[in-house]
Amino acid sequence: MTAFSEHPQDAISKHMKRREVSVPDVNALKSTDVVVAIRSSAVGWVDLLMTSGLYQHSLQPPYTPGLEYSGVVEWVGSDVTQTSVGEKVIVDAFVSGPRTSGDYQKYGGFASYAVAPQEAIHAMPKGFSFDQGCHFLGNYETAYHCLIACGELKAGETVLIHGASGSTGLAAVHLAKLVGATVIATGRSEEKLAVVKEQGADHVIHTKDPETGGLRSFRKEVKALTGGRGVDVVYDPVGGPISEESMRSMCFGGRFLVVGWASTPFVAKGEKGKANPNQLPTNLIMMKGLKVLGCPAVISAQKDPSIRVKRLQDLLAWAGEGNIQPYVSDVFSFEDYREALLHKWRSKSVGGCVARSGGLQPPGRSAPVDPQPARGRIC
């Protein structure tokens with residue numbers, strides 16, 4: 001990535017290029033560093049926002065995209081104790097990569113190799129493919145922070161999950177079911193909602209108006225599914241008009257979780273640079289006694305790193321027990337990175353979208369493979 005652009009589509013077409021790079025010089029690395037031969041990199045929404053400088057953490061180009069990736073340990077420094085050469089690993093995007101600062105910021109997943117500090121390295125959960133591994137921590141930590149830490153979702157409660165076919169949305173469906181909640185999932189595609197239903201949602205609601213293409217009212221359906229009571233929790237990574245309709249679908253005293261604003265990605269860049277924030281109906285919040293919670297998983301952990309300890313312990317334990325299985329619908333080669341990023345921007349995937357070094361699997365499948373790393377980094 002060589003420069004920012006006003007729109008991610010422009011950035012992808014004009015300011016990204018693939019260039020050849022050499023293997024990292026281990027003589028220049030720290031004794032606690034690890035070199036990872038990258039196999040799979042998540043194609044993420046945050047990667048797209050960062051191309052136009054819209055994300056809250058903005059680094060200066062040039063840089064290598066790819067917040068979260070997985071691969072095989074190629075080299076370890078003399079003081080590395082928690083991994084070894086040949087181990088399959090996932091790399092923690094909170095500690096290494098484009099969203100961090102310092103020496104490891106330049107090492108993104110759209111590359112053949114990356115360097116990370118040993119504290120960023122986690123063993124691949126048992127049974128995970130590389131594709132699943134690169135879609136684990138970021139998505140499930142977000143869902144955990146929002147639903148469990150902030151929303152305090154409990155067994156027997158009902159949660160309304162928007163954007164449920166997205167990577168974090170589907171992770172939220174998985175975790176909500178894991179804690180024993182009833183899930184009502186929404187989306188704008190019947191085909192994608194069918195997959196969400198297969199992945200565990202109890203009910204799905206199509207929210208696209210067939211005539212206008214805008215938002216279709218869904219509060220009556222939600223009320224019918226909850227015996228007239230409304231949902232206890234709303235997980236909203238979409239924002240915009242869907243937020244008010246969601247509040248009208250809630251029970252008294254419910255918890256409304258602000259996870260993102262995918263429907264209005266340019267809200268921070270209003271006309272002539274002026275902020276144009278989303279707005280929520282304070283009358284509904286007041287009269288229904290709603291608790292509105294902003295749930296920034298990354299910023300919260302930066303402010304208080306201790307909150308990651310339990311969520312990492314829980315998530316890694318659940319994954320190790322086979323209770324979490326990330327779903328990946330689409331796989332692209334690194335050479336097709338532009339197509340992969342545009343595919344993500346147009347919301348074509350269900351769950352994860354991957355840029356992979358090596359051979360491809362059919363859409364909807366993610367099998368463990370050990371391809372040789374391609375020579376090249378995308379900038």
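Two strands count as paired if DSSP finds at least two bridges between them. Helices (H or I, at least four residues) and strands (E, at least two) are DSSP runs, numbered from the N terminus. This is a predicted model: local features need pLDDT of at least 70, side-chain atom pairs count only at pLDDT 80 or more, and totals for chains, interfaces and linings use all residues. Residues are numbered from 1 along each chain as its sequence is written, and side-chain values use heavy atoms, with hydrogens and water left out.

**Stop 1: the strands.** Select E11, residues 250–258, and E12, residues 291–294. They run parallel, joined by four bridges. Leucine 257 of E11 faces leucine 293 in E12.

Look for valine 231 opposite methionine 250.

**Stop 2: the crossover.** Show helix H8, residues 241–247. E10, H8 and E11 form a right-handed β-α-β unit (with the strands pointing away from the viewer, the path from the first strand over the helix to the second runs clockwise).

**Stop 3: a helix pair.** Select H4, residues 137–150, and H5, residues 167–178. Their axes lie 8 Å apart, at an angle of about 60°. Axes are lines fitted to C-alpha atoms, for helices over the stretch in contact, and angles run from 0 to 180 degrees between N-to-C directions. H4 and H5 are therefore oblique (angles under 35 degrees count as roughly parallel, over 145 as roughly antiparallel, 65 to 115 as roughly perpendicular, the rest as oblique). Colour the contact residues (heavy atoms within 4.5 Å), among them Tyr140 and Leu147 of H4 and Ala171 and Leu175 of H5.
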